[in-house]
Amino acid sequence: HRVETKSNTSISANIWSASKTVHEVNKAWLESFPVDVDWGFVETIRVISEFLRQLIKAILPKDRILGYVTELKQARYESLYRFGENITSACPFKVYEESQAIKEHNKYLQQVESEAPSFLSQTDIKETAYEMWCNPSNKAEKKAAEYVPNVKRHFNGLDQGMAEIYLGNYIEDLASQIVGFEEIVKYLESCILRPLSEK
């Protein structure tokens, strides 16, 4: 737009605010999800994984589910972290380890891990066993099903493109809290995509 003024000095201010739709979907992060302080890590990851699988199925059309999770894994994470590789070795273009962007990125990850360490990092587990941990169970399905409707309702009314973006953000936040950023690719492959493919 063009702004015209009759004086030599003027101030132009633009004010942006989130739409009602964005404000509503952000409430999904305020809802409870299935976790209990008395659960061990394996039970926690099994129930959370079932919860995310049910949430994906509740929000997306059936014929979109596998393609969506595959694209999420590839587009968001595989170009940065390929099964434990760090950003400098897995990035498809030349990145210098001493660059400011890498330093800021690593600083951010260290801050997150320090302030909110993943559940996995707080265990004494040395080798991951996602395929065993994330096997579906009737107990996990029942626990997860109690929480899905409350989160899903905040996605109601969104067009599919917007729903996919916010669902991806939600999955990322929950998965990183459970296993940490560098394990997300393995987690999505073994705990979300594989079980969904088998059903």
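Reader: Why are α2 and α7 called oblique to each other?

Author: This is a predicted model, in which local features need pLDDT of at least 70 and side-chain atom pairs count only at pLDDT 80 or more, while totals for chains, interfaces and linings use all residues. Residues are numbered from 1 along each chain as its sequence is written, and side-chain values use heavy atoms, with hydrogens and water left out. The axes of α2 and helix α7 (residues 138–145) cross at roughly 60 degrees and come within 8 Å. Axes are lines fitted to C-alpha atoms, for helices over the stretch in contact, and angles run from 0 to 180 degrees between N-to-C directions. Angles under 35 degrees count as roughly parallel, over 145 as roughly antiparallel, 65 to 115 as roughly perpendicular and the rest as oblique. The pair α2 and α7 is therefore oblique.

Reader: Which residues make the contact between α2 and α7?

Author: From α2 come Glu-43, Arg-46, Val-47, Glu-50, Phe-51 and Gln-54, and from α7 come Lys-139, Ala-140, Glu-141, Lys-143, Ala-144 and Ala-145. Contact means heavy atoms within 4.5 Å. The crossing of these two helices, α2 and α7, is right-handed, a term used if the near helix is turned clockwise from the far one by less than a right angle, left-handed being the anticlockwise case.

Reader: What makes α2 oblique to α10?

Author: α2 and α10 pack with their axes 10 Å apart, at an angle of about 55 degrees. That angle makes α2 oblique to α10. Here too α2 passes α10 in a right-handed crossing. On the α2 side, Ile-45, Ile-48, Ser-49, Leu-52, Arg-53, Ile-56 and Lys-57 meet Tyr-187, Cys-191, Ile-192, Pro-195 and Leu-196 of α10.

Reader: Why are α2 and α9 described as roughly antiparallel?

Author: Their packing angle is about 175 degrees, and the axes of α2 and α9 are 11 Å apart. The helices α2 and α9 are therefore roughly antiparallel to each other. Among the α2 residues that meet α9 are Phe-41, Thr-44 and Phe-51, and the α9 residues include Ala-163, Leu-167 and Tyr-170.

Reader: How do you know that Tyr-170 is buried?

Author: Buried means under 20% relative accessible area, exposed over 50%, and partly exposed in between (1.4 Å probe, protein chains only). Tyr-170, at 4% relative accessibility, therefore counts as buried. Tyr-170 is found in helix α9. Leaving aside neighbours within four places in sequence, Tyr-170 is in contact with Ala-28, Trp-29, Phe-33, Phe-51, Leu-52, Leu-55 and Val-151. Tyr-170 and Trp-29 are 141 residues apart along the chain, yet their C-alpha atoms are separated by 7.4 Å.

Reader: What makes Glu-183 count as buried?

Author: Glu-183 has 17% relative accessibility and so counts as buried. Glu-183 lies in the loop between α9 and α10. Apart from neighbours within four places in sequence, Glu-183 is in contact with Leu-120, Thr-128 and Tyr-130.

Reader: Is Leu-120 buried or exposed?

Author: Leu-120 has a relative accessible area of 10% and is therefore buried. Leu-120 is found in the loop between α5 (100–115) and α6.

Reader: What is the largest nonpolar core, and which residues have the most contacts inside it?

Author: A nonpolar core is a set of buried Ala, Val, Leu, Ile, Met, Phe, Trp, Tyr and Cys residues joined through side-chain atoms within 4.5 Å. The largest has 43 residues, and those with the most contacts inside it are Ile-45, Leu-52, Phe-155, Leu-167 and Tyr-187. α9 gives the most to this core, with nine residues. Ile-45 touches Tyr-130, Trp-133, Cys-134, Ile-178, Val-179 and Tyr-187, not counting residues up to four places away in sequence.

Reader: How many helices and strands are there, and what is the average pLDDT?

Author: The secondary structure comes to ten helices and zero strands, where helices (H or I, at least four residues) and strands (E, at least two) are DSSP runs numbered from the N terminus. The protein averages a pLDDT of 83, and 84% of the residues score at least 70; pLDDT is the predictor's confidence in each residue, from 0 to 100. Over residues 81–95 the pLDDT is below 50.
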